[in-house]
Amino acid sequence: MTTKIVLIDDHVLFREGIKRILDFEDSFDVVAEGNDGADALSLVETYQPDIVLMDINMQQMNGVEATKKIFEKQSDVKVIILSIHDDENYVTHALKSGAQGYLLKDMDSESLIQAIKIVSDGGAYLHPKVTHNMVKEFQRMSNQASTGFERVEYRKPLHLLTRRECEVLQLLADGKSNRGISETLFISEKTVKNHVSNILQKMNVNDRTQAVVTAIKNGWVEVL
């Protein structure tokens, strides 16, 4: 099944680079490109894509505003935001507008392809660095709360995961990509993917972000 993609970014060279990466995937079809949020609204209506890859900072209409308008009119279209900002405020605004993914522009091609496939299948995807920053902010706010929160003591979830899977879960919370995890643990990226898949299944979550959030809430990972 082909995933139809609309690509929105006001930097033509960056847009061309992304398109070249996506063109290598037989299951992806970049059906249209645009420069700003206004283009995004028009192209979504015309081409009815599955995914919109969209820059967050654009002059005429930014990605957050465009995402909100797309979601109001075409709730079945999924938006992945592209950004240079890993600040929690940018991420929060993007997700509140209806975006299902948030990627930093320093991502590698594998992460981009993985994100599109996950979001296309109904999941959510945040860049590993963004996930780590949001988990740290979540923990900071929780620790500062004066009522309604009991700090959870850190403990590995050995009742649920193997020791190796616990290590992988911790590295996910640390913001590591699959490649980063493979280099840290001296295992192949294929093995990392298998571990991540097992973790998601055992934790009964849909994606890496949900796994990390669940882990931090239960005290299964340390946030440094």
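By class, 6 nonpolar, 2 polar and 3 charged residues line the largest cavity. Keep in mind that this is a predicted model.

**Exercise 1.** Work out how many cavities of 30 Å³ or more the structure holds, and how much space lies in the largest cavity.

*Solution.* Start with the count: there are 2 cavities at that cut-off. Then take the volume: the largest cavity has about 90 Å³ of space.

**Exercise 2.** Find which residues line the largest cavity and which element gives the largest share.

*Solution.* First, pick out the lining: Ala 124, Tyr 125, Leu 126, Pro 128, Thr 131, Leu 172, Lys 176, Asp 207, Arg 208, Thr 209 and Val 212. H10 takes the largest share, with 3 residues. Finally, check the domains: domain 1 (3–127) and domain 2 (163–218) each supply at least three lining residues.

**Exercise 3.** Now do the second largest cavity: say how much space lies in it, and sort its lining by class.

*Solution.* Volume comes out at about 50 Å³. Its lining is made up of Asp 108, Glu 110, Ser 111, Gln 114, Tyr 125, Ser 177, Asn 178, Arg 179, Glu 189 and Arg 208. Helix H5 (109–120) and helix H8 (178–185) are the elements giving two or more residues here, and H5 gives the most, with 3. Sorted by class, you get 1 nonpolar, 4 polar and 5 charged residues. As for domains, at least three residues come from each of domain 1 (3–127) and domain 2 (163–218).

Technical notes: Residues numbered from 1 in each chain as written. Predicted model: local features only at pLDDT ≥ 70, side-chain atom pairs only at ≥ 80, totals over all residues. Heavy atoms only, no water. 1 Å grid on protein atoms, 1.4 Å probe; cavity = no way out; pocket = protein on both sides within 12 Å on 5 of 7 lines; lining within 4 Å. Points joined across faces, edges and corners; volume = space filled by probe spheres on them. Helix = DSSP H or I, 4+ residues; strand = E, 2+ residues; numbered from the N terminus. Nonpolar A, V, L, I, M, F, W, Y, C, P; charged D, E, K, R; others polar. Domains from an automatic or database assignment.
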